Amino acid sequence: MCSSDLGELVPPLDDTFIHFTYARRLAEGHPFSYFPGEPYSSGATSLSWPILLAIGWVLGFKGGSLYLWALGLSNLALAAVATFTHRWLERLSSPRTGMLGALLVMGSGVVLWGAFSGMEVTLFMAAIAGTLDALTRPGRTPGAPAPGGLTWVAVMATVRPEGAIFAGLFALQQGVEAWIAGGRRVGALARALPWTIPVALGGIQPLLNLVYTGTVASSSMMAKHNPRFNHPNETMFADFVWRDELWNGYLGHAFGRLDLALLILFAIGAWTLVLRDREAGRPGRSEEHTSELQSHSDLVCRLLLEKK
């Protein structure tokens, strides 16, 4: 997953070095600049990841050693993914399901590759898992901000372009929860308004791109322009490509349609949470569904663990 060159570990992606460059320029006091003396550059596709890397540069992880700092951050995020996955699966199903989920995360080749790439992949996953953990805590007021939930959604919205979409979906789901719990009154939606703050944070980088370059698209999207199109309006084409990348997600190009599957699973899971809170007021229904879920999940876990 990472190779050695002249005695130093080298990340497997050129994108990692792009983040490193923006982090170094930020640490030197020149944010959003790629070359010394150059103006604003829209090449970065993450707002918060270069900031975290810049902290490492300030602390002394300079040059090739910045990769070690990135590895530390990524693997801390990986541990957080496993922990959160264990907790909310155990909460929704059973301890066995939670343990199996954590082991599957830690043993996934795709996840491990992302953790050792020096990229922001596992932090993005930790943000999603942390948000789900916050939303599934018992006793939470439907639609109201959960402890830690807003923070994780804010990380999600700023660490990757498609994170803004997920943040918007979480805000929408929380609005529906608040609306149902409040007797379907419009005034009940005010409880979920804080969830829109992370969505706004996700729009900072596209807005900066628009102000300084005239397009919401990053320069990396410009570089992906296929000359066969010969589009007369490069800016309009770049905007289209940016929106396409924002929706499809960068992971989709590397790992097939994984992002689409995750989006579908997310929608199903979000609506399940809404139905769970709505059914909680009906005696016996919530317990019945929880018992069925635990029995099915225990059966699946048993089959997987006993399979030779």
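Biologist: With which side chain does the side chain of Arg91 make a polar contact?
Modeller: This is a predicted model, where local features need pLDDT of at least 70, side-chain atom pairs count only at pLDDT 80 or more, and totals for chains, interfaces and linings use all residues. Residues are numbered from 1 along each chain as its sequence is written, and side-chain values use heavy atoms, leaving out hydrogens and water. A polar contact pairs N or O atoms within 3.5 Å; within protein, one must be able to donate a hydrogen and the other to accept it, and residues adjacent in sequence count only if both atoms are side-chain atoms. At 2.9 Å, the partner of the Arg91 side chain is the side chain of Thr136.

Biologist: Which backbone oxygen lies 3.0 Å from a polar atom of the side chain of Arg91?
Modeller: Leave aside neighbours within four places in sequence, and Arg91 is in contact (heavy atoms within 4.5 Å) with Asp133, Thr136, Arg137 and Pro138. The backbone oxygen at 3.0 Å from the Arg91 side chain belongs to Asp133.

Biologist: Is Arg91 buried, exposed or partly exposed?
Modeller: Arg91 sits in helix α3; helices (H or I, at least four residues) and strands (E, at least two) are DSSP runs numbered from the N terminus. Buried means under 20% relative accessible area, exposed over 50%, with partly exposed in between (1.4 Å probe, protein chains only). The relative accessible area of Arg91 is 31%, so Arg91 is partly exposed.

Biologist: How far apart in space are Arg91 and Pro138, C-alpha to C-alpha?
Modeller: In sequence, 47 residues separate the two. In space, the C-alpha to C-alpha distance between Arg91 and Pro138 is 8.5 Å.

Biologist: What is the partner of the Ser94 side chain in its polar contact?
Modeller: Ser94 lies in the loop between α3 and α4 (95-106). Its relative accessibility is 7%, so it counts as buried. At 3.0 Å, the side chain of Ser94 makes a polar contact with that of Thr97.

Biologist: What is the angle at which the axes of α2 and α3 cross?
Modeller: Axes are lines fitted to C-alpha atoms, for helices over the stretch in contact, and angles run from 0 to 180 degrees between N-to-C directions. The axes of α2 (residues 48-58) and α3 (residues 66-92) come within 9 Å. Their crossing angle is roughly 125 degrees.

Biologist: Which residues of α3 make the contact with α2?
Modeller: From α2 come Trp49, Leu52, Leu53, Ile55, Gly56 and Trp57. The α3 side consists of Leu66, Trp69, Ala70, Leu73 and Ser74.

Biologist: How do α6 and α8 run relative to each other?
Modeller: Helices α6 (residues 121-135) and α8 (residues 163-181) pack at about 5 degrees, with axes 12 Å apart. Angles under 35 degrees count as roughly parallel, over 145 as roughly antiparallel, 65 to 115 as roughly perpendicular and the rest as oblique. Therefore α6 and α8 are roughly parallel.

Biologist: How much of the protein chain counts as buried?
Modeller: The chain holds 15 helices and two strands. Of its 308 residues, the buried share is 42%.
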